[in-house]
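Subject: Structure handover

Hello,

Here is the structure you asked about. My notes on it follow below.

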Amino acid sequence: MPSVAPAMRSHAMPHGAACHPVAMSHTPSDLSVDSQLVSLGRPRREPGAAVGPGVELTSTYVADGDLSYARVGNPTWTAFEETLGALEGGRALAFASGMAAIAAAVSLTRRDEVVVAPHHAYNGTGGLLAQLESEGALQVRRVDITRTSEVVDALDGAAMVWLESPTNPMLEVADLPAIFAAARLHGVLSVCDNTFSTPLLQRPIELGADVVVHSVTKYLSGHSDLLLGAAITADDEIHERLTTHRTLHGAIPGPMETWLALRGMRTLHLRLERACASAAELARRLERHPAVDRVRYPGTGAIIAIEPTGGVAAAQAVEQSIRLWLPATSLGGVESMLERRRRHPLEPESVPEHLLRLSVGIEDVDDLWRDLDGALNSAG
Ligand SMILES: Cc1ncc(COP(=O)(O)O)c(C=O)c1O
């Protein structure tokens, strides 16, 4: 077990009782992931009971029950957290956004400690680490996560290793089991952003990670209609520290968002199956496209990055002429989206200026191809 700073036990639950899960159904643990997605997080099966959780809109609870104040817990969160926790193999905590979950996970380090992080982590994560570094709160060692020995060497004296695999938007892939094992050996806390893969494609806790974070905004909720984050861990002390962080910093989710996210998760397996199949087909066709210089596709998942032959002007022209794909930031929704990532000032300069990130949705693959092919041809 990696060492972490002592938990703030005395402040863990400033409003009294912890959030005990309200009576949720007990679903056999031998179910497949697809069946778990559909059946977990439901109220107890009894005559007259609702089949799905309600949206509990309250700021507080009558005293002396399991729940005390809604910044500490809410049954609508519990239904979502129970489901995601089971899928990732730990206990989940919902946060107001992916960045709120990431900030909570980063807070597991102490002042001046070293965090090993990818050159190309999600630019919000990179931006947060850079800001903390500039304030003298942390030291950041940036590594090429495809070079396992470089990552392992960087672990010496570090407190945390931050991983994304595949990375956003360069789609680099890390040897997660090897890095998590080395982190454990060095007493380094490992955190993995699993937004791109979801627990259906990759379960980092089973591979040895201490903490998993998600932008639930993306695939898990799946409909581009909310922002939400989550942090999951199988370690009780880390869970308590993250809970304390959420309660005291207050980056809590709205009940409606967690309810919508759980509803979206009911179809995650179907959405992801379609999106991954279409992405594989589009990547194959893009490889042969004369207006595309380079295709980055890790062979799994539904994100592709391409570099048009005509450079930045061509990438911008594609964004402007595309009709079915949405020219928008974000990913993981039912609707396909593409974006030139370097339009964001926080994106590292090593990301090519003309790189377009494609998030493949669940539309008809031939319609997606016709639209993209047309836009690439006219961009020249
Ligand atoms: C990999 C990854 N992690 C985290 C985030 C941040 O999530 P949110 O926008 O929900 O705060 C994003 C957002 O794009 C992301 O792509």
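A salt bridge is a side-chain nitrogen of Lys or Arg within 4 Å of a carboxyl oxygen of Asp or Glu. This is a predicted model, where local features need pLDDT of at least 70, side-chain atom pairs count only at pLDDT 80 or more, and totals for chains, interfaces and linings use all residues. Residues are numbered from 1 along each chain as its sequence is written, and side-chain values use heavy atoms, with hydrogens and water left out.

By the salt-bridge rule the count is 18. Glu281 takes part in two of the pairs described here: with Arg284, where the closest N and O atoms are 2.6 Å apart, and with Arg285, at 2.7 Å. Arg284 and Glu281 are three residues apart in helix H11 (helices are DSSP runs of H or I, at least four residues, numbered from the N terminus). Arg285 is buried, at 18% relative accessible area, whereas Arg284 is partly exposed, at 42% (buried means under 20%, exposed over 50%, partly exposed in between, with a 1.4 Å probe and protein chains only).

At the ligand, a polar side-chain atom of Asp193 lies 2.7 Å from a ligand nitrogen, and one of Thr217 lies 2.6 Å from a ligand oxygen.

Regards

Technical notes. A polar contact is a pair of N or O atoms within 3.5 Å; within protein, one must be able to donate a hydrogen and the other to accept it, and residues adjacent in sequence count only if both atoms are side-chain atoms. Helices (H or I, at least four residues) and strands (E, at least two) are DSSP runs, numbered from the N terminus.
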